[in-house]
Amino acid sequence: MLILKKFEPYLFLLPAIIILFLFLFFPLIWNIYISLHDVSILTIIKEWEFVGFENFNSIFEDPNFFNSLKVTIVFVFGTVLLQFGIGLLIAILLNQQIRASGLFRTLFIIPWTVSTVITGFSFKFLFDDNFGIINYGIEKLGLDSIQWFSDTALAIWIIIIANTWYGTPFTILFLTAGLLSINPTLYEAAIIDGATKFRRFVYITLPLLKPFILTNLILVTVWTINFFDLQLIMTNGGPLFSTTTMSLYMYKQAFEFGYFSEGAAVGILLIMMNIAVAFVYLRLFAGRNKK
């Protein structure tokens with residue numbers, strides 16, 4: 001009975017541990033296992049041969065992989081910069097004592113409630129080269145239509161805009177919660193001392209908002225790195241692989257071309273990238289806190 005009471009807390013944690021193992025640790029271990037074996041649509045019913053790091057070598061020899069890495073950097077940088085910048089600005093504006101701020105918060109949440117499939121098709125309809133609403137408006141103004149999805153330089157930015165529209169509400173909600181957690185008496189004391197709005201923002205808002213900013217940046221960056229829904233729906237990685245991010249490259253390798261082991265290898269690299277990004281953010285914010 002005493003032994004059972006000693007392990008009672010762990011028994012309550014057991015369901016959560018089982019779920020974590022089934023949906024997190026087991027898939028990770030299985031993914032590593034596949035990446036080290038020769039698994040494809042042709043060998044899936046045969047005995048899988050251990051090939052070590054050959055799948056990784058095959059990926060590194062593919063120029064499309066390095067192109068996907070470059071596209072991923074542009075996609076992540078553009079999306080995170082826009083989502084965080086716009087989200088922070090709107091969160092600060094909504095935190096002011098203005099009329100109908102609750103209504104505006106509700107309206108800004110709407111994009112986040114829409115599925116990525118609907119978002120992808122909506123923006124595809126807006127920016128379509130031949131039948132898009134935006135090109136229709138441009139032509140009505142007497143200007144030449146723009147080949148949004150045919151231009152290799154423009155296509156990725158259309159997807160960044162779509163992803164920003166879709167993901168910014170999360171940043172707004174998250175940072176609004178952080179702003180509401182700040183004690184108003186701090187601002188009142190600063191006003192009495194004669195601090196301007198800018199100084200109150202720099203010396204009160206930003207320092208107290210740092211934990212929320214850090215968590216938000218990590219989540220948004222990791223989600224963006226692993227995101228491939230919009231690219232798949234809007235451009236399928238084209239034109240000329242200009243919108244093929246690493247996550248979409250992984251999907252295509254595994255489920256379009258049938259190279260499961262190479263897809264798994266790209267998945268391992270994505271996991272390493274996610275960990276590296278989180279580590280950089282933590283070190284960056286920890287360094288600033290020390291100062």
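Predicted model: local features only at pLDDT ≥ 70, side-chain atom pairs only at ≥ 80, totals over all residues.
Biologist: Thanks! Is Thr-244 buried or exposed?

Modeller: Thr-244 counts as buried because its relative accessibility is 2%.

Biologist: And where does Thr-244 sit?

Modeller: Thr-244 is in the loop between α11 (229-234) and α12 (246-256). Helices (H or I, at least four residues) and strands (E, at least two) are DSSP runs, numbered from the N terminus.

Biologist: What does the Thr-244 side chain reach?

Modeller: The backbone oxygen of Gly-237, at 2.8 Å. A polar contact is a pair of N or O atoms within 3.5 Å; within protein, one must be able to donate a hydrogen and the other to accept it, and residues adjacent in sequence count only if both atoms are side-chain atoms.

Biologist: Which residues does Thr-244 touch?

Modeller: Not counting residues up to four places away in sequence, Thr-244 touches Ser-68, Val-71, Gly-237 and Tyr-249. Contact here means heavy atoms within 4.5 Å.

Biologist: What about the phi of Asn-236?

Modeller: Asn-236 has a positive phi of about 55 degrees, although it is not a glycine. Asn-236 lies in the loop between α11 and α12 and is partly exposed, with a relative accessible area of 38%. Phe-241, not a glycine either, has a positive phi of about 65 degrees. Phe-241 is in the loop between α11 and α12, and it is partly exposed at 40%.

Biologist: Let's switch to the core. How many residues are in the largest nonpolar core?

Modeller: There are 33, and those with the most contacts inside that core are Ile-213, Leu-217 and Tyr-281. At least two residues of this core come from each of α3 (54-60), α4 (63-94), α8 (155-180), α10 (197-226), α12 and α13 (260-290). A nonpolar core is a set of buried Ala, Val, Leu, Ile, Met, Phe, Trp, Tyr and Cys residues joined through side-chain atoms within 4.5 Å.

Biologist: What does Leu-217 touch?

Modeller: Leaving out residues up to four places away in sequence, Leu-217 touches Val-80, Phe-84, Tyr-281 and Phe-285. There is also a second, separate core of 16 residues, including Phe-123, Trp-148, Ile-160 and Met-234.

Biologist: How about Leu-284: where is that?

Modeller: Leu-284 is in helix α13 and counts as partly exposed because its relative accessibility is 42%. Leu-284 and Leu-214 are 70 residues apart in sequence, yet 9.5 Å apart in space, C-alpha to C-alpha.

Biologist: New topic: Gly-132. Buried or exposed?

Modeller: Gly-132 counts as buried, since its relative accessibility is 3%. Gly-132 lies in the loop between α6 (116-127) and α7 (133-140). Setting aside neighbours within four places in sequence, Gly-132 is in contact with Phe-125, Leu-126 and Phe-127.

Biologist: And Ile-146, which residues is that one in contact with?

Modeller: Asp-129, Asn-135, Ile-138 and Leu-154, leaving aside neighbours within four places in sequence. Ile-146 is in the loop between α7 and α8 and is partly exposed, with a relative accessible area of 31%.

Biologist: Last one, the big picture. How many helices and strands does the chain have?

Modeller: The chain has 13 helices and two strands. Its C-alpha trace spans about 85 × 75 × 35 Å along the principal axes. Of the 291 residues, 38% count as buried. Among contacts between residues at least 6 apart in sequence, 66% join residues at least 24 apart.

Definitions and conventions. Residues numbered from 1 in each chain as written. Heavy atoms only, no water. Buried < 20%, exposed > 50% of the residue type's maximum accessible area, 1.4 Å probe, protein only.
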